[in-house]
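Visitor: Please show me the model, and then let us go through it by question and answer.

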Amino acid sequence: MKGRLKGIFTIGFSDPEEILRRKLEIAEELYENWREYFASDSTFSSLLLEYESAVRKANEVMEEIKSFEECYICSVEERKGCCKTGLENEVTINIILINKFLNKEIPRKREVPGRCFFVGERGCKIFARPYLCREFFCRRLQEKFKPEEYVKVTNVVAKELTLLYQACEYIKKNLEFLLGEFIMEIDLTGYS
Ligand code: SF4
Ligand code: SF4
């Protein structure tokens, strides 16, 4: 596994999607090998449930203040928006693993040409999203939100991202123990 992870960000990619495909393959391999280990860990299961609930809560607040609606208009109707080609690589191996541990589907092909691999007709199709994708408060949204809405959404997103960080660290530390090596690659985007 070490060689495969070390090599992942040093080889030259001819196709921009190749790095994502490699991350998906490695996440799949780690998941197949260690899912039972993580499933039997009650501390990890609680952390995962807490994270899942924080994402749902953050999504509810975003629905309430209509940020999803504004992003849909910006992205789909006006063809602007920030879910552009290449941003799929914000999705790390660890984030793919978290989606898998939560039994969430991971798309296998790009649906909308010219946009992020994970964009669908109605927006992002993955449940556990990268940090950058949840700290997306552009000027357009800042001008749209009332100050109290901005505080509310910032608080719920901060909780979600803190739990995402804790879950990623937990997975990494356990895998490092199990594999006997440092595997910082599972948290790197690898495309910058
Ligand atoms: S975060 Fe801002 S720029 Fe990105 S899609 Fe939403 S409104 Fe548009
Ligand atoms: S929110 Fe989803 S679709 Fe948009 S850039 Fe992030 S991963 Fe891609």
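Visitor: In which loop is lysine 66 placed?
Guide: This is a predicted model, in which local features need pLDDT of at least 70, side-chain atom pairs count only at pLDDT 80 or more, and totals for chains, interfaces and linings use all residues. Residues are numbered from 1 along each chain as its sequence is written, and chains are lettered from A and ligands numbered from 1 in the order in which they are written. Helices are DSSP runs of H or I with at least four residues, numbered from the N terminus. On that numbering, the place of lysine 66 is in the loop between helix H3 (42–64) and H4.

Visitor: Is arginine 79 buried or exposed?
Guide: Arginine 79 is in the loop between H4 and helix H5 (93–101), and its phi is near 55 degrees, a positive value in a residue other than glycine. A residue is buried if 20 or more other C-beta atoms, placed from the backbone, lie within 10 Å of its own, exposed if 12 or fewer, and partly exposed in between. Because arginine 79 has 9 other C-beta atoms within 10 Å, arginine 79 is exposed.

Visitor: Which helix gives the most residues to the shell around ligand 1?
Guide: The shell takes in residues whose C-beta atom, placed from the backbone, lies within 6 Å of the molecule, and around ligand 1 these include Glu70, Cys71, Cys138 and Arg140. The elements that give two or more residues are helix H4 (67–77) and helix H7 (139–144). With four residues, the one that gives the most is H4.
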